[in-house]
Amino acid sequence: MTDYEKLIQHHMSNICPDYPKYSPIGKVYYENKKHYEGYYWFYETDNFVVDISDFFIKKDFIETDSHYFKQHILLVNNYIISGSGEWLNPYETIEPFSMFIMDTTSPFKRYLLHGNSRFLGVGIKFKQKMVEDYIKKTGEEDFNISTIFFGTQNYMTQPISKLSKEIIDCRLTGEEAKLFFEEKADEWLSIAIDAYKEHQDRKELSFEDQNGIENVARYIEDHYPFDIPQDLLESIAAMGGTKLKETFKKVYHMSITEFTQRKRMNIAENLLLTTDFDSKDIAKAIGYNSASRFSTLFKRYKGISPTEFRNQKKEVSIKTPFT
């Protein structure tokens, strides 16, 4: 047993040797506590830990101490598929389709996870050895891995989303599985570094353009249920239509339409978990007249239908979370 697994056993006491949902090369632990219930799968090497966190958060709780990672992990890097909460210092939203990053060498950032929500995240925890080996191999002595990940977290979500799904879907065993996860860890690191280089090489936006695009994003987040006219967004950004579309995609790495849809699906996820509204009512609440259109988009972004998602909540109540 590794030191990392001993660390996990301090927080999760029940090992599940035959859990079929994830790759059998890893290990799965289950825990049911006051604030959360669910599964943690991980596969560890000398260079990294790849893991999947799959929990139902019963009650709001604030994580106040994650320094226990410091002896084993350099950088925690998770892609959030489903989740609701906030970083508290400084304040920042934790939501689906975003990155959850912690540098264990820096002062710990406290975070709050909201009750009655699902947290599903796929991540790579990089060890010091992997970072040192990468720098030695590439000669990138000036690279600060922490700076790279924090500086690119808004630009990585689309490629990391695809990579995360591949990790969840993997059922390989033996040497094939080992090679697969080594490739995915390398790919995850490469995505961050390539995004950083691209961002550094890109011409910086003017303060006015950056501010204009951020105002557009905030307006959409506050008015997501409505059909917002294009000319209104152009006025908010003080840009013409073509420049607005190109600049918005440069900043957020997605179109305005996708940004709006993702916001709506995040709200829908919360409504499915916290209300008894049917799909038709939820569709109307987030801006769709068609329940089938809502269902199609929800499955595109969340991977399952609204009905399947809500059924997972019911399974938690009978002590079989997310199986």
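Author: In this predicted model, W87 stands opposite Y111 in β10, but the part that answers your request is the packing of helix α6 (residues 207–222) with helix α8 (residues 241–252), whose axes come within 10 Å and cross at roughly 85 degrees. On the side of α6, the contact is made by D209, Q210, I213, E214, V216 and A217, while α8 contributes K243, L244, T247, F248, V251 and Y252. Sorted by class, the contact of α6 with α8 has 7 nonpolar, 2 polar and 3 charged residues.

One of these residues, F248 of α8, also takes part in an aromatic pair, and the structure holds 22 aromatic pairs. The rings of F248 and F259 have their centres 5.3 Å apart and their planes at 85 degrees, and since planes over 60 degrees apart count as edge-to-face, the pair is classed as edge-to-face. This pair links distant parts of the chain, with F248 in helix α8 and F259 in helix α9 (residues 256–274), 11 residues apart. Both F248 and F259 are buried.

For a contrast in ring geometry, the rings of Y40 and F42 have their planes at 25 degrees and their centres 5.8 Å apart, so that pair is stacked. Y40 is buried, with a relative accessible area of 6%, and F42 is buried with a relative accessible area of 3%.

Methods: Residues are numbered from 1 along each chain as its sequence is written. This is a predicted model: local features need pLDDT of at least 70, side-chain atom pairs count only at pLDDT 80 or more; totals for chains, interfaces and linings use all residues. Side-chain values use heavy atoms; hydrogens and water are left out. Two strands pair if DSSP finds at least two bridges between them. Helices (H or I, at least four residues) and strands (E, at least two) are DSSP runs, numbered from the N terminus. Axes are lines fitted to C-alpha atoms, for helices over the stretch in contact, and angles run from 0 to 180 degrees between N-to-C directions. Contact means heavy atoms within 4.5 Å. Ala, Val, Leu, Ile, Met, Phe, Trp, Tyr, Cys and Pro count as nonpolar, Asp, Glu, Lys and Arg as charged, and the others, Gly among them, as polar. Rings of Phe, Tyr and Trp (its six-membered ring) pair if their centres lie within 6.5 Å; planes under 30 degrees apart count as stacked, over 60 as edge-to-face and the rest as tilted. Buried means under 20% relative accessible area, exposed over 50%, partly exposed in between (1.4 Å probe, protein chains only).
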